[in-house]
Amino acid sequence: MMKKAIITGIAGQDGSYLAELLLSKGYEIHGIVRRIAIEDSEHKLKNISHLTERIIMHVGSLDNILSLIKIVKDVQPDECYHLASSSFVSYSFDDEISILNNNVNSTHYLLAAIKEFAPRCRFYFAGSSEMFGDVGQSPQNETTPFNPRSIYGISKVAGHHLARNYRSQYGLFTSMGILYNHESPRRGYEFVTRKIVSSAVKIKLGLQDHLLLGNLDAWRDWGYAPDYVHAMWMMLQTDEPDDFVIASGKTHRVRDFVDTAFSLLDLDYRRYVRTDPQLFRPSERVQLCGDATKARTRLGWSHTIDFSDIVRLMVEGEMSLHTKCNQ
Ligand code: G4F
């Protein structure tokens with residue numbers, strides 16, 4: 001029988017790739033989106049505009065447990081991928097309050113709705129390397145203690161404990177991916193990789209003259225988003241629920257990303273990139289680098305696209321957006 005999956009955050013980078021993957025596997029897909037997304041679909045649903053005929057959209061709010069109960073009850077999903085969250089790692093106090101409330105409550109409401117109304121549904125929780133935060137060891141794996149240093153990281157640790165608790169207390173199948181940074185041409189503009197390629201292309205086309213960045217010497221373990229959503233699906237196909245680090249295992253500096261992107265456009269980044277102390281973040285002392293041995297051995301997962309190809313795909317994607325606009 002056709003499997004049914006609910007995806008929260010379906011219009012985001014990961015949600016859109018996951019929807020494509022599950023459709024290719026014959027799933028019936030149900031996406032939960034806010035009313036505002038339907039009203040401004042050209043912008044807010046652009047990542048899934050090519051899929052809207054093939055997915056069932058539910059207008060619902062993740063901060064309203066009643067709307068989630070209704071959707072879970074009606075759909076009776078086999079799998080639920082909870083990807084929606086305020087995912088930009090902000091350090092602003094204003095954002096802190098809503099990020100913590102939204103991220104923790106939405107996870108709790110969904111788990112509670114599933115426990116009551118679709119207890120056989122398998123639940124994927126989108127964890128993050130931000131949960132490790134100011135960590136004492138590199139690389140990190142599933143046994144590394146969490147020491148989050150951002151509200152976003154704290155909200156993900158709380159969500160992780162909720163999911164684990166529903167696993168051990170109520171027997172729900174809840175699995176978590178601790179995903180390191182994953183990028184693609186669908187990445188949001190607030191994240192450093194998209195900011196870099198978008199500016200580099202504009203500089204190349206004479207539409208912008210410089211790029212302001214924060215710490216160029218911050219290290220990140222960057223992978224390719226479609227590889228990472230494949231791991232999410234694999235995690236829900238196992239015999240037992242478990243938690244997995246998903247990472248490339250290789251780190252690069254923001255400076256390396258900048259250099260590679262600008263070089264692909266025959267530009268010398270040193271002429272255009274300036275740093276702004278206001279864009280620096282606290283607590284970025286230790287390299288976030290993931291050890292995905294468990295995912296490789298237990299799931300058979302591996303990443304397929306390396307750093308330089310990710311940068312190239314993003315630069316090409318950005319260039320083609322400008323070409324389309326000018327046609
Ligand atoms: O692209 P970023 O904003 O991503 P960050 O904070 O690592 O978080 C992303 O990955 C996490 C792990 O998967 C997710 F949990 C999270 O939701 C998100 O997807 O920043 C990357 C690095 C940081 O070290 C930051 O300090 O780039 C550095 N950076 C330097 N200049 C900048 C900038 N980041 C941003 N966003 N903007 C800058 O101008």
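Student: Is T174 buried or exposed?
Tutor: T174 is buried, at 0% relative accessible area. Buried means under 20% relative accessible area, exposed is over 50% and partly exposed is in between, with a 1.4 Å probe and protein chains only. This is a predicted model, where local features need pLDDT of at least 70 and side-chain atom pairs pLDDT 80 or more, while totals for chains, interfaces and linings use all residues. Numbering runs from 1 along each chain as its sequence is written, and side-chain values use heavy atoms, leaving out hydrogens and water.

Student: Which strand is T174 in?
Tutor: T174 is found in β6, residues 173–179. Strands here are DSSP runs of E with at least two residues, helices are runs of H or I with at least four, and both are numbered from the N terminus.

Student: What does its side chain reach?
Tutor: The T174 side chain reaches the backbone oxygen of A163 at 2.7 Å.

Student: And which residues does T174 touch?
Tutor: Leaving aside residues up to four places away in sequence, T174 touches L111, F123, A163, R164, Y166, R167, P241 and D242. Contact means heavy atoms within 4.5 Å.

Student: Switching topic: how many residues surround the ligand?
Tutor: There are 23, and the closest are S87, S128, K195, R220 and R281.

Student: What's the distance from K195 to a ligand oxygen?
Tutor: An N or O atom in the K195 side chain is 2.7 Å from an oxygen atom of the ligand. For the N181 side chain, an N or O atom sits 2.8 Å from a ligand oxygen. V192 uses a backbone N or O atom instead, 2.9 Å from an oxygen atom of the ligand.

Student: Which residues line the largest cavity?
Tutor: H82, A84, S85, N103, T107, F125, S155, K156 and G159. Both α5 (93–117) and α6 (151–170) give two or more residues to that lining, and α6 gives the most, with three.

Student: How many residues of α8 are buried?
Tutor: Nine of the 11 in α8 (residues 225–235), including W233 and M234.

How values were computed. 1 Å grid on protein atoms, 1.4 Å probe; cavity = no way out; pocket = protein on both sides within 12 Å on 5 of 7 lines; lining within 4 Å. Polar contact = N/O pair within 3.5 Å; in protein donor to acceptor, adjacent residues only side chain to side chain. Near = heavy atom within 4 Å.
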